[in-house]
Amino acid sequence: MSAEVKRCIETSTRSFEEQKTLRQFAIEICKHQDVAWLKDSSESDSESSESESFESRFQTFLKVINMFNFLKQALDVEKEKIVCEDIHITFVAHGSIEQTMIPANTLLPLSTIEDLVVYSPWNCAINAGVAYGVAKGIIELKHRAFCCTEEDDCQIPDEDHQPTNLPDRWNSMKTAKGRMIPNILVSPLTKEEDDAWEDFEHLQVKYGRPGLNRIVIPFIIPGDSDEEVPFSDIILALSLVLYFSKYKATVHLAACLGKTSDETTLDENYLKEQYACTIDNTAMMTSAEMLIDKHTNLYRSLHTLFG
């Protein structure tokens, strides 16, 4: 069975039966996770919009598996640049949070993901400097700085955009365990018409620049899709790909965590207890102390995406 599942994961074009095998394996191996959406809609009598939505979600899930397979193949080819089997993956995407809450350990579905770390408070955007610091592994707690994203149009004093009682740590899902967190949605990066995009696309196979064992993965799927995907799906796909490899990963999310829409309601007091939460239209940036090298392709590419 393991060999069959491994083949289903590693092939980029899967038959109906191979997709069915992969679904069943994911459901069985993630017994403590909510993976009802993996149920094969073709085996259901329902033709509801919910079934269609789940099927579309699964097809996107398969594309994400293909994306991570490319990463694993690159790791195998460039294995001399990997000094141990524990790797750090920075996943770069556009992001937001819903008012729907999920257990934090939903983002640690298998032991192949050792931890997931997010860097900004809840309801907070990030800029290119933060994404760059995360990717390079050089951002420290003392580098955190905050600003209003509305600039001159904001009617709220700057001091209200400064979160108080920031924890002396980043927001680790391993530490959070079963505590409830907002459901994170991510969407693919959109192609920009300049040379920075080409540089950024190839970062997934350029390991030396971010540092040994540090890999940057931009969220890119075929087509011009701007579909929002639960980040739990991304983590599950990565977990399955790594399951049949020698690698384990700590994942670092470089994405904004602002509200999905103006109608999104958050329990700010609870989120401040779990980690931290900012008021609307707040962004986290980095202090000059981090000494960002703005001449690297990595920084230029991230600046194209985050501004």
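This is a predicted model: local features need pLDDT of at least 70, side-chain atom pairs count only at pLDDT 80 or more; totals for chains, interfaces and linings use all residues.
1. Three strands make up an open sheet in the order β4-β11-β5, and their pairing is mixed. The edges are formed by β4 (125-126) and β5 (144-148), each of which pairs on one side only. Between β4 and β11 (residues 282-286) there are two bridges, and the sense is parallel. If you want a residue to look for, Ile126 has Met284 in β11 as its bridge partner.

2. Next, the helix on that sheet. Helix α4, residues 128-136, packs on the sheet and touches both β4 and β11. The directions of α4 and β11 make an angle of about 50°.

3. Now to helix α2, which covers residues 16-29. The helix has 14 residues and spans 20 Å from first to last C-alpha, close to the 20 Å expected at 1.5 Å a residue. Its buried residues are Gln19, Thr21, Leu22, Arg23, Phe25 and Ala26. Two of these, Arg23 and Phe25, come up again below.

4. Phe25 is worth a look on screen. Its ring pairs with that of Phe244: the centres are 5.9 Å apart and the planes meet at 35°, so the pair counts as tilted. The two residues are 219 apart in the chain, with Phe25 in α2 and Phe244 in the loop between α7 (231-243) and β10 (248-254), and the pair thus links distant parts of the chain. Phe25 has a relative accessible area of 10%, so it is buried, as that is under 20%. Phe244 is buried too, with a relative accessible area of 17%.

5. Across the whole structure, a search finds nine aromatic pairs. Ring pairs also join Phe68, Phe91, Phe219 and Phe231 into a cluster.

6. Two arginines sit over rings. Arg23 lies over the face of Phe58, 3.6 Å from the ring centre. For Arg144, the charged end is over the ring of Trp170, at 5.5 Å from its centre.

7. Finally, a loop residue. Asp262 belongs to the loop between β10 and α8 (268-274). With a relative accessible area of 76%, Asp262 is exposed, because that value is over 50%. Asp262 and Asp280 are separated by 18 residues in sequence, and their C-alpha atoms are 9.0 Å apart in space.

Notes. Residues are numbered from 1 along each chain as its sequence is written. Side-chain values use heavy atoms; hydrogens and water are left out. Two strands pair if DSSP finds at least two bridges between them. Helices (H or I, at least four residues) and strands (E, at least two) are DSSP runs, numbered from the N terminus. Contact means heavy atoms within 4.5 Å. Axes are lines fitted to C-alpha atoms, for helices over the stretch in contact, and angles run from 0 to 180 degrees between N-to-C directions. Rings of Phe, Tyr and Trp (its six-membered ring) pair if their centres lie within 6.5 Å; planes under 30 degrees apart count as stacked, over 60 as edge-to-face and the rest as tilted. Buried means under 20% relative accessible area, exposed over 50%, partly exposed in between (1.4 Å probe, protein chains only). A charge sits over a ring if NZ of Lys or CZ of Arg is within 6 Å of the ring centre and within 35 degrees of the ring normal. The expected span of a helix is 1.5 Å times one less than its number of residues.
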